[in-house]
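This briefing goes through one protein chain and its ligand. It takes the overall fold, then the ligand site, then a single loop residue.

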Amino acid sequence: MKRPLLIAPSILSADFTRLEEAVALVERAGADLIHVDVMDGHFVPNLTIGPPVVKALKRVANVPLDVHLMIDNADETVQWYLDAGADIVVVHVEACNHLHRVMQTIHKAGAQAGVSLNPGTPVSAIEGIIGEVDYVLVMSVNPGFGGQAFIPGSVAKIEEIARLAAERGVSPRIAVDGGIDVVTAPLVTAAGADMLIAGSAVFCAEDPTAAIAAIRSAAVTRLV
Ligand code: DX5
Ligand code: ZN
């Protein structure tokens, strides 16, 4: 069963001095969620924002915050992001020692839980957890930076995750993050993705509203 497509602009590509305006802009443009990239300078070679900024975003956002933790110690710190107001928390399978416990912690806080895989991580890494998650986030670039080229092998990976979910009788959303634009959106949605995260394609566009609409219509044509 196909669910409505969700589009989550990533504020990583927004002007960090004007985040409130960036949130308002993409909300007016029809964003379903705001994607917030948390990087620690260890798990990924970049350092971005932490709980205080998530908390500030929560005060100004009218749509849910989708918080993507690209950090090494999510086992110890996931609660900080839940307390800051994250509605969805996504952690990396490569970075958690106790993934099942982290999912329980997120659910206990009333938030939705996701697990993400790096491009080099096989789908088998999430076989044990797929029944416990609301989202599987496929990284279609190596995490750390916006504006990178989409890795084509991500399409087959999405198909494999969709097959695994069907075999298990579960239906997490499949989200894709990295290099999503009007060209890649149809490919990944045809493969089974039903949530698209887009940073530079939205915030570096001359008209972010038109960019979101274009991604949505490019994707929807393949979903029906
Ligand atoms: C990358 C981040 C992404 C990033 C995507 O590590 O997780 O969310 O903002 O940016 P684009 O859409 O420019 O590839
Ligand atoms: Zn992200």
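The points below are grouped by topic.

The model is predicted. The chain holds eight helices and eight strands, and 20 residues surround ligand 1. The protein buries 100% of the 380 Å² that ligand 1 exposes when taken alone.

**Overall fold**

- The radius of gyration of the chain is 16 Å, which agrees with the value near 17 Å that a compact globule of 224 residues would have.
- The C-alpha trace spans about 45 × 40 × 30 Å along its principal axes.
- Of the 224 residues, 54% count as buried.
- Contacts between residues at least 6 apart in sequence join residues at least 24 apart in 64% of cases.
- The accessible surface of the chain is about 9,700 Å², and carbon and sulfur atoms account for 52% of that surface.

**Ligand 1: polar side-chain pairs**

- Ser200 places a polar side-chain atom 2.5 Å from an oxygen atom of ligand 1.
- For Asp37, a polar side-chain atom lies 2.8 Å from an oxygen atom of ligand 1.
- For His35, the distance from a polar side-chain atom to an oxygen atom of ligand 1 is 3.4 Å.
- Taken alone, ligand 1 exposes 380 Å², and the protein buries 100% of that area.

**Ligand 1: make-up of the shell**

- Strand 2 (34-39), strand 3 (65-70) and strand 8 (195-198) are the elements that give two or more residues to the shell around ligand 1.
- Strand 2 supplies the largest share of the shell, with three residues.
- Of the 20 residues that surround ligand 1, the closest are Gly144, Gly147, Asp177, Gly199 and Ser200.
- By class, the shell residues divide into eight nonpolar, ten polar and two charged.

**Asn118**

- Asn118 sits in the loop between strand 5 (112-117) and strand 6 (135-139).
- Is Asn118 buried or exposed? Its relative accessible area is 14%, and because buried means under 20%, Asn118 is buried.
- Leaving aside neighbours within four places in sequence, the residues in contact with Asn118 are Phe43, His92, Glu94, Met139, Pro143 and Lys157.

Definitions and conventions:
Residues are numbered from 1 along each chain as its sequence is written. Chains are lettered from A and ligands numbered from 1 in the order in which they are written. This is a predicted model: local features need pLDDT of at least 70, side-chain atom pairs count only at pLDDT 80 or more; totals for chains, interfaces and linings use all residues. Side-chain values use heavy atoms; hydrogens and water are left out. A residue is near a molecule or strand if one of its heavy atoms lies within 4 Å of it. A polar contact is a pair of N or O atoms within 3.5 Å; within protein, one must be able to donate a hydrogen and the other to accept it, and residues adjacent in sequence count only if both atoms are side-chain atoms. Accessible areas come from the Shrake-Rupley method with a 1.4 Å probe; for residues, only the protein chains shown count as cover. Helices (H or I, at least four residues) and strands (E, at least two) are DSSP runs, numbered from the N terminus. Ala, Val, Leu, Ile, Met, Phe, Trp, Tyr, Cys and Pro count as nonpolar, Asp, Glu, Lys and Arg as charged, and the others, Gly among them, as polar. The radius of gyration is taken over C-alpha atoms; the globule rule is 2.2 Å times the number of residues to the power 0.38. Buried means under 20% relative accessible area, exposed over 50%, partly exposed in between (1.4 Å probe, protein chains only). Contact means heavy atoms within 4.5 Å.
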